[in-house]
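Here are my notes on this one, as numbered points. Have the model open while you read.

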Amino acid sequence: MAVVEVRNLTKNFDGGRGHGHVRAIDGINLATGEGEYLVLLGPSGCGKTTLLRTIAGLEEPTEGEVLIGGNVVNGLPPRLRRIAMVFQNYALYPHKTVLENIVFPLKAAQLDRAERERKAHWAAELLGIEQLLNRRPRQLSGGERQRVALARAMVREPQVFLLDEPLSNLDAKLRASARDELRRFQQRVGTTTIYVTHDQSEAMGLGDRIAVMERGRVRQMAPPVEVYDDPADTFVATFLGSPPMNLVPRDGHLVGFRPEHLLPVDLVPGEDKIQVPFTVDRIEHLSGDRYLYGTVHRLGEETRVITRLPATVTLPVEPGEEHRFAVSADRLRFFDADTGERSEPVRLREG
Ligand code: ATP
């Protein structure tokens, strides 16, 4: 177990002839906790993989430092960083058995055969793949192959796991069970893990904390519930949540609220609520819930809003009608209309 820290980290790539450089990482500061599961989440091209590769030592930082276990590791080759990486295309050797694949990295470490096999059995037991040790990769399912890749990473007893979308080539069902397994396994071994994904449900389900990235920067780093409930800015507010947070301009602010908090006025708890009358134009039915899409008209402005009504709300709703909806005041979030940054709550005028 070790803390991973990056200080003032910047990484530029050459953008090709005449294109200057691409700033893939732009002055990031972050530190994991010991044994933490940190998820790097963000849209394509935001710098997640580059950050992970820089921590691994596969990329040299342009500026800044990488620390593992309190030691600066800049300049240290990947194999001396005591990290284990599993990438999307975890290549297993097709002609070797599972056991041979797992022990392979230990050969270079000059351990004797008995010791190598002892470690392989230990990892295989942790991951529940002991019965597969004599098979070859083509005789395994996608999820089993992923576990072999993890076992191979584990036998070196890394201080840190770096995982880059390791589940992305599994189908949806397998991905859900592999995610659950990965998390249970990490809880057992307690190894600090940094996990890259662009899938928000994976991030919400796996992370102790999520670092939400955009254009080479970390916009917010916090536990999943906090990132969802208290987004630091409108980017985070709309990147997380499906459908995303509603943002309605009012009194010089952007007022944000989650679809599930916009409810028929009589169902909104508490006295302190703001009315959001809106005209529904489309209804979607999804796993028992109803998603109502519509428009709020206010002071000559139109804003799209979405609400999610749970199956327990049986209120009849027809497209084309205006409905009296409201949000409890404590569910409102406020953002600066110019910068998009979170701001202090303001008292809204009625109407
Ligand atoms: P994805 O989710 O699509 O994998 P990502 O968040 O992992 O994206 P990176 O792969 O880190 O993003 O890329 C960040 C930026 O750096 C992108 O603009 C990318 O085009 C650029 N980039 C990455 N590697 C190189 C490279 N070797 N040379 C030039 N530009 C690069």
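1. How do the residues of the lining of the largest cavity divide into nonpolar, polar and charged? There are two nonpolar, one polar and four charged residues in that lining. For the classes, Ala, Val, Leu, Ile, Met, Phe, Trp, Tyr, Cys and Pro count as nonpolar, Asp, Glu, Lys and Arg as charged, and the others, Gly among them, as polar.

2. Before going further, a caveat: this is a predicted model, so local features need pLDDT of at least 70 and side-chain atom pairs count only at pLDDT 80 or more, while totals for chains, interfaces and linings use all residues. Numbering runs from 1 along each chain as its sequence is written, and side-chain values use heavy atoms, with hydrogens and water left out.

3. Back to that cavity. The residues lining it are Y228, D229, M245, R258, H261, R331 and R333, and the volume of this largest cavity is about 50 Å³. A cavity here is a set of points, on a 1 Å grid over the protein atoms alone, where a 1.4 Å probe fits but cannot get out; lining residues have an atom within 4 Å of a point. Points are joined across faces, edges and corners, and the volume is the space filled by probe spheres set on them.

4. In total, the structure has two cavities of 30 Å³ or more. The second largest cavity comes in at about 40 Å³, with Y37, L150, F161, L163, L182, F185, Q186 and T193 as its lining. That lining has six nonpolar and two polar residues, and no charged ones. β7 (160–164) and α5 (172–189) each supply at least two of the lining residues, and α5 gives the most, with three. Helices (H or I, at least four residues) and strands (E, at least two) are DSSP runs, numbered from the N terminus.

5. Now the ligand. Around it sit F13, D14, V22, A24, P43, S44, G45, C46, G47, K48, T49 and T50, where a residue counts if one of its heavy atoms lies within 4 Å. By class, this shell has five nonpolar, five polar and two charged residues. The element that gives the most to the shell is α1, with three residues.

6. One lies 2.8 Å from a backbone N or O atom of G45. A polar backbone atom of G47 is 3.0 Å from a ligand oxygen, and an N or O atom in the side chain of T49 is 2.8 Å from a ligand oxygen. The protein covers 60% of the 640 Å² of accessible area that the ligand has on its own (Shrake-Rupley method, 1.4 Å probe).

7. On aromatics, a search of the whole structure finds four pairs. One of them, F235 with F239, is stacked, at 5.6 Å centre to centre and 10 degrees between the planes. Rings of Phe, Tyr and Trp (its six-membered ring) pair if their centres lie within 6.5 Å; planes under 30 degrees apart count as stacked, over 60 as edge-to-face and the rest as tilted. F235 and F239 are four residues apart in helix α8 (residues 234–239), so about one helical turn separates them.

8. Two backbone details to check. The S242 to P243 peptide bond is cis, with omega near 0 degrees, and P243 is in the loop between α8 and β11 (246–250). R82, although not a glycine, has a positive phi of about 55 degrees; R82 is in the loop between β5 (71–72) and β6 (83–86).

Definitions and conventions: 1 Å grid on protein atoms, 1.4 Å probe; cavity = no way out; pocket = protein on both sides within 12 Å on 5 of 7 lines; lining within 4 Å. Polar contact = N/O pair within 3.5 Å; in protein donor to acceptor, adjacent residues only side chain to side chain.
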